[in-house]
Amino acid sequence: MTSYRLFLIVLFVACPLLGPTQADEVDTYAAAFIDKHKIPGLSLVVVQDGKVVKAAGYGFANLELHSPATTETAWEIGSITKHFTAEAVLLLVQDDKLGLGDTLGQHLDGVPPAWQPLTLRQLLTHTSGLKDWETEGLLNFHREYTDAEYIALMSPLALEFKPGERWSYTNTAYPLLGMVIARVSGKPYDEFVMERIFKPMGMGATRFSHPLEIVPHRASGYVDEGGRLRKGEPLRPRIVEPNGAILTSVLDLAKWARAFEDGVLLKRESLIQMMTPVRLNDGSTFISGFGIFVSQFRGHRLFLHNGSTPGGFSSVFYHYPDDKLTVFVLCNIDRGDAVNKVATRVASFFVPGVDVRSLTEQTDPDPTTTQALLAMLRDLVDKKETTLATPEYKMSDVTRARVAAQLAGLKRFAFLDREARPKAADGTAQSAPATLRYKLVGDKQAFYYTIQMTADGKVAALDFEED
């Protein structure tokens, strides 16, 4: 593979708030990151106080042609498209053409009886119980489907749980929302989004990805097969456009960042609904809003969503409402949460204190839990059963190997921070997982661990990153 050190292009756009040193920090970090993680190309933009303060491209948009990644490169953004679909639904709610409590049976013909009472709110928040077609492998990417064919293909899938009972991410719901949008608006889904979102926000370089169209500055996507890069899958049926079919640039996304401001696209009450964690049937809440997830880091509220595509693309947006900061990171290979790490680190250059590296070691208030977590890591590495993790948590073989190497050189597992569950956008308490953070110090390197705990003290998720 071409060495990423051989080429680096950086384009600065409208950066009145930055001095040269701060700009260089972002560039130095991003260039080193894509080289280390073998990312062909990446573009990013930072919007602060409504202004673009950093925009840059690194590496290659196309490896065959050695085309540089720039701020104008057009990337697939995958499931970030779901946020646009959610905005489209809310625009129709504001038009008094839809209600979030409306059911599928009210707006779509031919849906099975079990689907008819599903509400738009449940579809938007992944609490409908619909199984994920992607996990089931049901769709053929090399053919098109009518609405009726899609519904018929998905109908045999039984609901995983009673609607509203719990949360489970599904790609089955949003195409149904696209059908509702088309039925109620009288326009195809993509046309409605273009007219009501892209055009008003001035997003002239944004469109829905159709592989046969000639698109200026279009990036090529790649997948890693055993260390060798291959081109990603270019085709997907249009029926799943509401899931993840938008093609855009970081400069256009910077324009869209204004949509988070009151009244620019959605009314304040619509924004609050979108960014409020869903309330489940038992009264508890989960961190999913409408096409968005709700989080925080040491008091810094954060709204985010990731995207990835079979085409070989990965993306993320981070919006810190109280800090008036938004970061978009787009790249042409899926390296898991690599884009999240870039977004967090880049944000920390503009808002100190939003990155785990800002934390210092503290006196451990609960050494028993810390030792139990360390024992759990060892059990997971050894493929032993553990009662400390939830049944849903699974450690991949790649992660297991990395954790094993870290534990082999362990010097200390130091407590950094415990963060309680954040409040929702409407100010109410929510039952999202609490977060524990540690620093694993090895003989050669240190790693920062973030561990999500359920209300009953189980590990729901964990992540780590290098110092």
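Which residue stands opposite F303 in β13? Select F303 and H319: H319 is the residue opposite F303. The tour starts from this pair.

**Before you click**

This is a predicted model, in which local features need pLDDT of at least 70 and side-chain atom pairs count only at pLDDT 80 or more, while totals for chains, interfaces and linings use all residues. Residues are numbered from 1 along each chain as its sequence is written, and side-chain values use heavy atoms, with hydrogens and water left out. Helices (H or I, at least four residues) and strands (E, at least two) are DSSP runs, numbered from the N terminus.

**Stop 1: the seven-stranded sheet**

Select the strands of the open sheet in the order β3-β2-β1-β14-β13-β12-β11. There are seven strands, and the pairing is antiparallel. Strands of a sheet pair through backbone hydrogen bonds, either parallel or antiparallel. Here, two strands pair if DSSP finds at least two bridges between them. Now go to the edges: β3 (67–68) and β11 each pair on one side only.

**Stop 2: strand β13**

Select residues 313–320, strand β13. Is β13 enclosed or open? Eight of its eight residues are buried, so β13 is largely enclosed by the rest of the structure. Buried means under 20% relative accessible area, exposed over 50%, and partly exposed in between (1.4 Å probe, protein chains only). Both faces are covered. On one side, select F313, S315, F317 and H319. On the other, select S314, V316, Y318 and Y320.

β12 and β13 are antiparallel and share seven bridges. They also form a hairpin, with three residues between them. Click G312 in that turn: its phi is positive, about 100 degrees.

Click S315 and then L330 in β14, its bridge partner. The hairpin of β13 and β14 has four residues between the strands. K324 in this hairpin takes a positive phi near 55 degrees.

**Stop 3**

Move to β11 and β12. Five bridges join these antiparallel strands. Now click R298, in the loop between β11 (293–297) and β12 (300–309). R298 is not a glycine, but its phi is positive, near 45 degrees. R298 counts as partly exposed, at 45% relative accessibility.

**Stop 4: another positive phi**

Select H126. Its loop lies between α4 (120–124) and α5 (133–136). H126 has a positive phi of about 60 degrees, although it is not a glycine. Is H126 buried or exposed? H126 is buried, with a relative accessible area of 2%.

**Stop 5: the three-stranded sheet**

Select β4, β8 and β5. These three strands form an open, antiparallel sheet in the order β4-β8-β5. The edge strands are β4 (75–76) and β5 (207–208), each pairing on one side only. Zoom in on β5 and β8 (residues 246–248), which pair over two bridges. R207 has L247 in β8 as its bridge partner.

**Stop 6: two packed helices**

Select α6 (residues 147–154) and α7 (residues 173–185). Two packed helices are described by the angle between their axes and the distance between the axes. For α6 and α7, the angle is about 150 degrees and the axes are 11 Å apart. That makes α6 roughly antiparallel to α7 (an angle over 145 degrees). Axes are lines fitted to C-alpha atoms, for helices over the stretch in contact, and angles run from 0 to 180 degrees between N-to-C directions.

Show the side chains where the helices meet. D147, Y150 and I151 in α6 meet P175, L176 and M179 in α7. Contact means heavy atoms within 4.5 Å.

**Stop 7**

Select T344 in helix α12 (residues 338–350). T344 is buried, at 13% relative accessible area. Leaving aside neighbours within four places in sequence, T344 is in contact with Y318, V354 and D355.

Finish at D364, in the loop between α12 and α13 (367–381). D364 counts as partly exposed, at 21% relative accessibility. Not counting residues up to four places away in sequence, D364 touches T370 and F415. Last, draw a distance from D364 to L302: their C-alpha atoms are separated by 26 Å, and the two are 62 residues apart along the chain.

Terms used:
Angles under 35 degrees count as roughly parallel, over 145 as roughly antiparallel, 65 to 115 as roughly perpendicular and the rest as oblique.
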